Amino acid sequence: MKLYYVVASTYSQKALLALYEKNIAFEPSVVDLASEAGRAAYKEVYPMCKVPLLVAENSFIPESSIIVEYLEDEFANQGTCLIPTDKTLARRTRFKDRMIDLYVNNPIVAIFLDSRKPEDKRNPEAVAQAKNTLMSSLAHFEKELGQQSYMNGDVFTMADCAMFGPLFYAKQMGFVNESPNLQAYFERMMARPSVQKLMGELIPFLEQMNSPKN
């Protein structure tokens, strides 16, 4: 089993956390999407040139949520159960996962990417719209976390795999400074071995990415 990913990618982080939570051995393949040569090489593997991509049993499994679904199906009795067996809870987990992707992840990624553009290439209107969506979504989860420990109640699920990455960036950018429940949730997540393993790879990558170029 091989995972193609970029560790700074929030969707890659979702897949990595799922693999770590379920204690699944895999071959990591870090993709260099920042260079033309890296993108060209990866397009030979996957023409859509999106990460993450799981290759298992000669099958290509793209899209982070689909990867988690596959892992839960194939390794149901191993590690953390990421999608509850109860049908109602499973639907709720998938809904939360989708909600986080659309209304937390996508806005924070848009804001982050815009911030890295030259001043004359930025889009203030798009950023303002993304911030409105993000803050409304964070307020919703702040309220929910006043009554529960994780995204879908008191057990860790796929929705938490989805939430950690964008919440990490939101916290770095100051969007949860006035959200004590989200901050407490973030600390609970940071205490998990899967998250600590992810951070061991993510932090050095971000430090290198942000270091001054000669």
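In which helix is Lys96 found? The legends below describe close-up views of a predicted model, and the first of them gives the answer.

View 1. Lys96 is found in helix 4, which spans residues 87-115. Its relative accessible area is 5%; because this value is under the 20% cut-off, Lys96 is classed as buried. The side chain of Lys96 reaches the backbone oxygen of Met151 at 2.6 Å. Leaving aside residues up to four places away in sequence, Lys96 touches Phe141, Glu144, Gln148, Met151, Asn152 and Ala159.

View 2. The domain assignment of the protein gives domain 1 (2-81) and domain 2 (87-195). Their C-alpha centres lie 21 Å apart. In contact across the interface are 14 residues of domain 1 and 17 residues of domain 2. The size of an interface is often given as the accessible area lost when the parts come together. Here, domain 1 and domain 2 bury about 1300 Å² between them, and 54% of this area is on carbon and sulfur atoms. Within domain 1, the residues that lose the most area to domain 2 are Thr10, Leu17 and Glu21, which together account for 38% of what that side buries.

**View 3. Polar and charged pairs between the domains.** Across the interface of domain 1 and domain 2 there are 4 salt bridges. Glu21 forms a salt bridge with Arg192, with the closest N and O atoms 2.8 Å apart. Between the two domains, 10 residue pairs are in polar contact. On the side of domain 1 that touches domain 2, the elements giving two or more residues are helix 1 (10-21) and helix 3 (64-74). Helix 1 gives the most to this side, with 8 residues.

View 4. Val51 and Pro52 are joined by a cis peptide bond, with omega about 5°. Pro52 is found in the loop between helix 2 (36-45) and strand 3 (53-56).

View 5. Asn23 is not a glycine, yet it has a positive phi of about 55°. Its place is in the loop between helix 1 and strand 2 (27-30). Asn23 has a relative accessible area of 56% and is therefore exposed, the cut-off being over 50%. Glu57, also a residue other than glycine, has a positive phi near 55°. Glu57 is found in the loop between strand 3 and strand 4 (59-62). With a relative accessible area of 66%, Glu57 is exposed.

How values were computed: Residues are numbered from 1 along each chain as its sequence is written. This is a predicted model: local features need pLDDT of at least 70, side-chain atom pairs count only at pLDDT 80 or more; totals for chains, interfaces and linings use all residues. Side-chain values use heavy atoms; hydrogens and water are left out. Domain bounds come from an automatic or database domain assignment. Contact means heavy atoms within 4.5 Å. Buried area is the accessible area (1.4 Å probe) that two parts lose on being put together, summed over both. A salt bridge is a side-chain nitrogen of Lys or Arg within 4 Å of a carboxyl oxygen of Asp or Glu. A polar contact is a pair of N or O atoms within 3.5 Å; within protein, one must be able to donate a hydrogen and the other to accept it, and residues adjacent in sequence count only if both atoms are side-chain atoms. Helices (H or I, at least four residues) and strands (E, at least two) are DSSP runs, numbered from the N terminus. Buried means under 20% relative accessible area, exposed over 50%, partly exposed in between (1.4 Å probe, protein chains only).
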